Amino acid sequence: MRKEYREYHFDRMVQSIIHFASLSYDGTHKEGFGMFRYAPRFRDAIQTILMTGEPGVLLLKMIDTYLIEILTAHENGKKVALCTFNFSPGVLKPLDVVPICLEPVTTLGVAMWLRGLGEYLNYCCEVGFTETSCSAQRGALGAYLAGLGVRPDFVLCNSIGVCDTNATAFNFAAEYLELPFYQLNAPPTLVDERARTYHRHDFRGLISFVEEQTGKNLDCDLLREVIVETDKQDEIMCEIEDLMRLTPSPVPGIFNLFMYSAKYIYGGSRVATEIMESMLKVSKHNAAQGRAGTTSGKEEARAFSVYVDHYSAQLRPWAWFDEKNISHLGCMMNGFWPVHAPYATGDLKEGTYTMDPTNEETMLDSLADQMSRMPMVKQIRGPYDDPHQWLTDTVASIKTYKPTFCLYTGTIGCRNTWGSIKILARDTEKMGIPTLILFGDAFDHRITSWESMRDRIDEFLTVRRILE
Ligand code: SF4
């Protein structure tokens, strides 16, 4: 890693950008937008977020609060856990633990910095981790391995049996940093009694491990608050998703990113619910006026990403979809599968989770069920076309949101999806949905630049006569 990268801590740098961006709307609109002249390097990303109005401001303030919580955790007597995005953070609140959720923190870096996180990504390989791993963890992980961030106290993982590269990243981090490690395991099935019992036992093991690390017991009153809040935010999120079924979709495409970011960082906390409420208000307002969620209010096509979104290039992909009047209808990362989900119909209902605040046991079971259905942990734990897996979930989203085309952007780093995307695309094409497969990395623009991907999408939309 170059010497200049070692001068400042990664988490502190990201927090300071987000902090000042989140203040920009505290003044007048003119002052806020006037500020962008002086921040040319961050302008596109911040502007794309703030163009959404109140939800964007709340999102930036939420991220700022989250990063401050990480930075001040130790002085506030809290333990810090290094964990993954497909791990419900609500579980850690009643245990008084602050999570560093690697993938969202990677996303912040790649979305804010034009230079991306190449130095940190490479650093993981310099110290021995494989370069054919998922860049979602590797981006921020490089900084933590180099000691350029708050040192975690222990490591928690939720992808053993699901995603080898994700699991190995946390395993490597625990070994390299010499930290205690707990890994939740996922059997290849989801809704049978054996899998359910396994998940619930395993989850109780996680609670005991964290109690041992912190010396504190699970706070049942806080646990109940998390359960009630999770259900409330799930209901609102699903109402927004329900509105996306309308043509035109009144939901701004970037709200999907806001929804899953809020869930990954503050699932079960009031702050995430406030963002959901604000997005619902905007979406309902658009729906009442018959407007699409795009800036022009028009919808010329509808897109669904069967895998993840693309986070580099300062969020310009979202600005481009908006400019083209394409309603972005979310991706696999939005598939949390709460009982209220509009895509969970018929037999698929058995793949959902319910939040039950009755007593400690029902609350722990609820969180274990939720945890085993986090995006990716649910969809790619077994063969792509098994019940409740990638194909079933993609088909459910297609039937619900009726996209005019589907997108996949990934690399060999995600072996599970890269290995089966061609057959999945064959299935979605059979349903009459044009599907474009792109080789690109959501967190590393050095693989394929956004400009190159954009031209391919443009060509595809013309050739398949989706946009004239
Ligand atoms: S499933 Fe793919 S994108 Fe998700 S964590 Fe694993 S490698 Fe990364």
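This is a predicted model: local features need pLDDT of at least 70, side-chain atom pairs count only at pLDDT 80 or more; totals for chains, interfaces and linings use all residues.
The points below cover the strands, the ligand shell, a pocket and some backbone details.

- Strand 3 covers residues 154-160 and runs parallel to strand 4. Four bridges join the two strands.
- Ile-160 has Asn-185 in strand 4 as its bridge partner.
- Between strand 3 and strand 4 the chain passes through helix 8, residues 164-177. This β-α-β crossover is right-handed.

**Strand 1 and its partners**

- Strand 1 spans residues 79-83. Four of its five residues are buried, so strand 1 is largely enclosed by the rest of the structure.
- Strand 2, residues 97-101, runs parallel to strand 1, with five bridges joining them.
- Leu-82 has its bridge partner in strand 2, at Ile-100.
- Strand 1 is also joined to strand 3, by two bridges, and these strands run parallel.
- For Ala-81, the bridge partner in strand 3 is Phe-154.

- How many of the six residues of strand 7 (residues 405-410) are buried? The count is six of the six, so strand 7 is largely enclosed by the rest of the structure.
- Phe-405, Leu-407 and Thr-409 point one way from strand 7. Cys-406, Tyr-408 and Gly-410 point the other way. Both sets are buried.
- Strand 5, residues 301-305, pairs with strand 7 in the parallel sense over three bridges. Here Ser-305 has Leu-407 in strand 7 as its bridge partner.
- Strand 8, residues 435-439, also pairs with strand 7 in the parallel sense, over five bridges. Thr-409 stands opposite Leu-438 of strand 8.
- A right-handed β-α-β unit is made by strand 7, helix 16 (residues 415-430) and strand 8.

**Around the ligand**

- Which residues are around the ligand? They are Cys-134, Gln-137, Cys-163, Thr-165, Asn-166, Tyr-307, Met-376, Ile-380, Gly-413 and Cys-414.
- Six residues of this shell are nonpolar and four are polar. The shell has no charged residues.

**The second largest pocket**

- Rolling a probe the size of a water molecule over the atoms shows where empty space is left.
- The second largest pocket has a volume of about 540 Å³.
- Its lining has 25 residues. Nearest the centre of the pocket lie Met-51, Thr-52, Gly-293, Thr-295 and Asp-322.
- Two or more lining residues come from each of helix 3 (43-50), helix 12 (270-289), helix 13 (316-323) and strand 6 (326-331).
- Which element gives the most to this lining? Helix 13 does, with five residues.
- The lining of the second largest pocket divides into 10 nonpolar, 11 polar and four charged residues.

**Backbone details**

- Most residues other than glycine have a negative phi, and most peptide bonds are trans.
- Thr-247 and Pro-248 are joined by a cis peptide bond, with omega about -5°. Pro-248 sits in the loop between helix 10 (220-243) and helix 11 (254-266).
- Glu-178 is not a glycine, yet has a positive phi of about 55°. Glu-178 is in the loop between helix 8 and strand 4.
- Asn-325 also is not a glycine, and has a positive phi of about 60°. Asn-325 is in the loop between helix 13 and strand 6.
- Is Glu-178 buried or exposed? Its relative accessible area is 69%, so Glu-178 is exposed.
- Asn-325 has 10% relative accessibility, so Asn-325 counts as buried.

**Arg-6**

- Arg-6 is in the segment before helix 1 (10-23). At 39% relative accessibility, Arg-6 counts as partly exposed.
- Arg-6 and Pro-187 are 181 residues apart in sequence. In space they are 41 Å apart, C-alpha to C-alpha.

How values were computed:
Residues are numbered from 1 along each chain as its sequence is written. Side-chain values use heavy atoms; hydrogens and water are left out. A residue is near a molecule or strand if one of its heavy atoms lies within 4 Å of it. Ala, Val, Leu, Ile, Met, Phe, Trp, Tyr, Cys and Pro count as nonpolar, Asp, Glu, Lys and Arg as charged, and the others, Gly among them, as polar. On a 1 Å grid over the protein atoms alone, a cavity is a set of points where a 1.4 Å probe fits but cannot get out, and a pocket is an open set with protein on both sides within 12 Å along at least five of seven lines; lining residues have an atom within 4 Å of a point. Grid points are joined across faces, edges and corners, and a volume is the space filled by probe spheres set on the points. Two strands pair if DSSP finds at least two bridges between them. A crossover is right-handed if, with the strands pointing away from the viewer, the path from the first strand over the helix to the second runs clockwise. Buried means under 20% relative accessible area, exposed over 50%, partly exposed in between (1.4 Å probe, protein chains only).
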